[in-house]
Amino acid sequence: MSSEPQNQLPAEIAVPPGGELTSRAHLEPPHAYRTPFARDSARVLHAKAFRRLAGKTQVFTRLPGEQPGDHFRSRLTHTLEVAQIARTMALALGLNVELTEALALVHDIGHPPFGHAGEKALDNALKQHGLRFDHNLHALRIVTWFEERYAAFRGLNLTLAVREGIIKHSRDYGPAMHPELAAYFLGQRPPLEAQLIDLADEIAYLAADLDDGLDSGILTLDQVREGVPLFRVLHDAVRAEAPNAATRLSISETLRRILNALVTDLVRELPDRVRAQRVTTLDDVRRLPHRIVALSEALETERAEAKTFLYANLYNSPGMEEVHRHAETVVESVFARLIADPSLLPEDHRVLIGTEGLARTVTDYIAGMTDTFIEQMWLRAARYRNC
């Protein structure tokens, strides 16, 4: 009988520390004491686009009519939470931890200001020019072109595995629609490390958004208990064990247990799925007709119920409508102004108009902005119009 832990996957299923997936577009000598994926994590951490995530909305950074809150998640703090969860799961499963961490750190680097409301507004503006905005594909543009840190090449020169994971961690792209992505194994499933990021993201924001929603007052404790069965069951257990705990502490303990329940479930479920599908190598993962990383049926139902609750009562709540409308107004107005007067673009973006087109160039510029930067640009334009 094997002494290998039941949740450890076959060693051949993880992305190896060498080989094709560690290749870079520009040849570089190996580092003396860092693996290729560890270097990728460092390059992402030191990137300007990564630092700007601190100034980008996750769900909200302020409530209508109030100053920004110090404790609500930003896109950066969310990213760090995803990295912690993903690294934990990868280590427990015997996957490539350094690759998983690099993918977690870079997974949201392509998001524009104002969270999903800003992304929707930017996509709608681009549709008028026959184009679309996809934050995964924009992230690839950031790491292969817009970041400038090296004398020998543009971009961060990340490994093939990280570049593939950037575009494919949350969805698959067909070769017919995206021939420009042919180098990224289109038509094949991404490695488990990339698939893991999508679930780590879901797990992280589920608990975090419940936390921020309750902390903001948009959600009430009774409302969450009624609408999220997993929260109610675990909250009852916490109150039974610590009946004198302050409400805030009982909520925090419950959210901690939600995270633990979901992570533990995935770590137990994935090896069972791998064995059931007779998957033993990375090539087997790629040939599967569907992604294999998933929660058990019972916990997936719990997760889906919580997500439905968050959409109905937080993301699309009446209290957030004003925030979303404001984000759309700002993005659409700044987009229209830059389209009308490209001279307002920085020189390093203006030179790209000839090859990328005006609409895509304007989008690239806006997508890189923080909430504060685009808001200030919008306010300056409004003052100018009123002069």
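**Notebook: rings, a buried arginine and the cores**

I looked for aromatic pairs and found three; rings of Phe, Tyr and Trp (its six-membered ring) pair if their centres lie within 6.5 Å, with planes under 30 degrees apart stacked, over 60 edge-to-face and the rest tilted. Tyr311 and Tyr315 have ring centres 4.8 Å apart and planes at 85°, so I logged them as edge-to-face.

A note on the source: this is a predicted model, where local features need pLDDT of at least 70, side-chain atom pairs count only at pLDDT 80 or more, and totals for chains, interfaces and linings use all residues. Residues are numbered from 1 along each chain as its sequence is written, and side-chain values use heavy atoms, leaving out hydrogens and water.

Next I checked burial (buried is under 20% relative accessible area, exposed over 50%, partly exposed in between; 1.4 Å probe, protein chains only). Tyr311 is partly exposed at 40%, while Tyr315 is buried at 11%.

Then I turned to Arg286, which is buried at 6%. Its charge lies over the face of Phe185, 4.1 Å from the ring centre; my rule asks for NZ of Lys or CZ of Arg within 6 Å of the ring centre and within 35 degrees of the ring normal. I found Arg171 placed over the ring of Tyr173 too, 4.0 Å from its centre.

Last, I looked up the nonpolar cores, meaning buried Ala, Val, Leu, Ile, Met, Phe, Trp, Tyr and Cys residues joined through side-chain atoms within 4.5 Å. The largest has 88 residues, and Val162 and Leu210 are among those with the most contacts inside it. A second, separate core has 23 residues, including Phe114 and Tyr365.
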